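Me: Hey, got a new one here that I'd like to get my head around. Can you walk me through it?

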Amino acid sequence: MEKWEGKLAIVTGTSSGIGRGIAIKLVEAGLRVVGIARREDRGRELELALDGKKGRFYHLTADITKEQEVLNAFKWIECNLGVVHILVNNAGTTRETTLIDGKTTCWNDILDLNVLGLSMMTREAVQSMRANNIAGEIIHIGSLTGCISSAPVKGLRMYCASKHAVRSLTEGLRQELLEVGSQIKISCINPGLVGNTEIIEHNEAVKGWFPLIEQILKPEDIGDMVLFVLSRPPHVQIHDILVRPTGEIV
């Protein structure tokens, strides 16, 4: 990870759960990390918690489902901190909704953040990296549900579809980067059940799986996977990782 010390990473969804765990791991590894999230109070708390670590954490309040806020975020980052070398698209959400009688507003919430927000962040990061001749890395945080045919839990199927889209976008971006001769890498990390995340805590159906598994994944486990991807040599691209807790039945 020495090659990344002092470099700038953006991580979305850092106010809790996996995003917070990833940000902590990157700062401890010596990176400067901009955490983009909507809840400023939690972002400022994380800034204080990471003060004095090897790297540094900066909170930036923004809603990445809104294009102008995405554009403003990148403009602020480049003007104040420099060019981005790493983007971790972690922000995501779900709603308990079905496909046969679900509300369009719930579907919009899922797709706007999990697919379109991720895509806008990726577009701006790639354009910045290419403009500055940086062989950076884009890492999408997908889901186990994007690797199976359908979510086994009622109410998660639109979320499942959004995570299938994330995997498709990963391969699509890899191909487009090859087409333009870019050295930017793209990876997707797909976790199974992860504890201490709001997506899990707010979904009663998913919590029903917990007694079936002795130990579920922790946010820091996914942070370790991000470090693994970033620590590979230039000729190695980790395209797709599926991480399950031991004993997960799906």
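**Around the sheet**

Reply: Start with strand 4, helix 4 and strand 5, which make a right-handed β-α-β unit. Right-handed means that, with the strands pointing away from the viewer, the path from the first strand over the helix to the second runs clockwise. Helices (H or I, at least four residues) and strands (E, at least two) are DSSP runs, numbered from the N terminus. This is a predicted model, where local features need pLDDT of at least 70, side-chain atom pairs count only at pLDDT 80 or more, and totals for chains, interfaces and linings use all residues. Residues are numbered from 1 along each chain as its sequence is written, and side-chain values use heavy atoms, leaving out hydrogens and water.

Me: What order do the 7 strands come in?

Reply: The open sheet runs 3-2-1-4-5-6-7, with parallel pairing. Two strands pair if DSSP finds at least two bridges between them.

Me: And which are the edge strands?

Reply: Strand 3 (56–61) and strand 7 (240–243), each pairing on one side only.

Me: Back to strand 4. How many bridges join it to strand 5?

Reply: 4 bridges, and the two run parallel. L87 has I138 as its bridge partner in strand 5. L87 is also the bridge partner of I10, and strand 1 pairs with strand 4 over 3 bridges, again parallel.
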